[in-house]
Amino acid sequence: MSEGRFSAADHGYMAQALRLAARGLYTTDPNPRVGCVLVRDGAVVGEGWHERAGEPHAEVNALRAAGADARGATCYVTLEPCAHHGLTPPCAEALVSAGVARVVAAMEDPNPAVAGQGLARLRAAGIAVEHGLLADQAEALNPGFLKRMRGGRPYVRCKLAMSLDGRTAMASGESQWITGPEARRDVQRLRARSSAILTGAGTVLADDPSFTVRAAELGEGEPAGGLRQPLRVVVDPHLSTPPTARMLSLPGSTLILTTSDDTAEADALLAAGAEVARLPGTPDTVDLDAVLELLGQRGMNEVHLETGATLAGAMLRAGLVDELVVYMAPLLLGDGARGLFHLPGLASMADRVELEIVDLRAVGRDWRISARVATRSAAAQS
């Protein structure tokens, strides 16, 4: 349905539902972020959002807040109400039982277990149903969940930090710190919203990173009731990650993806607390398509790629990066410093990688550039 058929009040209440949904940005994984507002006689009688997987969905929280006032109300919800029994009962049935008169959904749910069935159940009960209001904003809240439901793979967001001349580290590898503290806090928010942090063994060996989320740096978005640590995933064809790596002793889980059949090295990593999984590839490379297939099967929605030029370049060349988030610092590192991506084989302008800048803003003294990676077909037409 065209948004032109919705009233100004409809737009306002859906915008409120979207703001509520965003409150679950760090906590709902692997479920989508969903908000709900119930309105009767021009007044909000209940609102809610999905807070954590396994807990009530947004519609149920809003219905509980509204009580008897839900009867005859309009329900504004950012994603189609579910119609199946999962960890919680179906929300479509709850709305029917509560006696709401109208449901406005921002978008249909591509989850095969829902996929229009929730809206159909509401219509069958005589409830007026509309959808398509602020759908783009609803999509933007859940890029990973939607991509996984539609194609089985997570959304990959690649984080990079560079100087004004496009360098990430000195020739020696020294890189701390290119960006300022505000940018580093912003990266914590990117990590916190992600299901997994993906890196390469080279980064582990060079930097011994923690790859944890520090709740104190999330600011107003810090979740109540405990912080979920994303799964740490290391692409490591040779099993070169040392059992003494810092990340293995920290809260959260670490998954090592390899093509090696060295059982002694695998056993040492298992003893240190890691999980080891073997994937297709060569002795020197792990099949990156297989990496994302596995993460999709494990319910990973958004993958935060934080790694060196080699793995970042390989993911980009393979068409596996959806979004780049680049922090640009006001400094110069010179010709000898390291670049953002290892991209061999780009010999002409026809080989270039096309980007679409979607956001540009100051973060402390640095600039954050968010860009979508153009599809090959779109790039070929430019």
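Is Glu275 buried, exposed or partly exposed? Glu275 is partly exposed, because its relative accessible area is 33%, where buried means under 20%, exposed over 50%, and partly exposed in between, with a 1.4 Å probe and protein chains only.

Good morning, colleagues. The structure is a predicted model, in which local features need pLDDT of at least 70 and side-chain atom pairs count only at pLDDT 80 or more, while totals for chains, interfaces and linings use all residues. Residues are numbered from 1 along each chain as its sequence is written, and side-chain values use heavy atoms, with hydrogens and water left out.

Let me begin with the overall division. The protein has a domain 1, residues 8-141, and a domain 2, residues 144-373; these bounds come from an automatic or database domain assignment. Taken over C-alpha atoms, the two domain centres are 33 Å apart. Across the boundary, 18 residues of domain 1 are in contact with 19 residues of domain 2, contact meaning heavy atoms within 4.5 Å.

I turn now to the annotated positions. An unreviewed UniProt entry gives "active site" for Glu59, and UniProt gives "binding site", also from an unreviewed entry, for His57, Cys82 and Cys91. UniProt positions follow the numbering used here, feature names are shortened, and annotations may be inferred rather than shown by experiment.

Glu59 lies in helix H2, residues 58-66; helices (H or I, at least four residues) and strands (E, at least two) are DSSP runs numbered from the N terminus. Glu59 is buried, at 3% relative accessible area. Setting aside residues up to four places away in sequence, Glu59 touches, among others, Cys82 and Cys91. Cys82 sits in the loop between strand S3 (74-77) and helix H3 (91-98) and is buried at 8%. Cys91 is placed in helix H3 and is buried at 0%. With neighbours within four places left aside, the contacts of Cys91 include His57, Glu59 and Cys82.

Next, the salt bridges. The whole structure contains 20 of them, each defined as a side-chain nitrogen of Lys or Arg within 4 Å of a carboxyl oxygen of Asp or Glu. One of these joins Asp289 and Arg153, at 2.9 Å from N to O. Asp289 is in helix H10 and Arg153 in the loop between H6 and S6, 136 residues apart. Another pairs Glu306 with Lys159, with the closest N and O atoms 3.6 Å apart. Here Glu306 is in the loop between S14 and helix H11 (309-317), and Lys159 is in strand S6, 147 residues away. Both Glu306 and Lys159 are buried.

As promised, I come back to Glu275, which forms a salt bridge with Arg298 at 2.6 Å, N to O. Glu275 lies in strand S11 (residues 275-278) and Arg298 in the loop between H10 and S14, so the pair ties together parts that are 23 residues apart in sequence. Arg298 is partly exposed, at 35%. Elsewhere, salt bridges with shared partners join Arg33, Arg157, Arg193, Glu302 and Glu323 into one network.

Finally, helix H6. In this helix, residues 143-151, the buried residues include Pro143, Phe145 and Met149. Their cover includes helix H5 (135-141), strand S6 (155-163), helix H10 (288-297) and strand S14 (302-305). Just after H6, Gly152 adopts a positive phi of about 85 degrees. Thank you.
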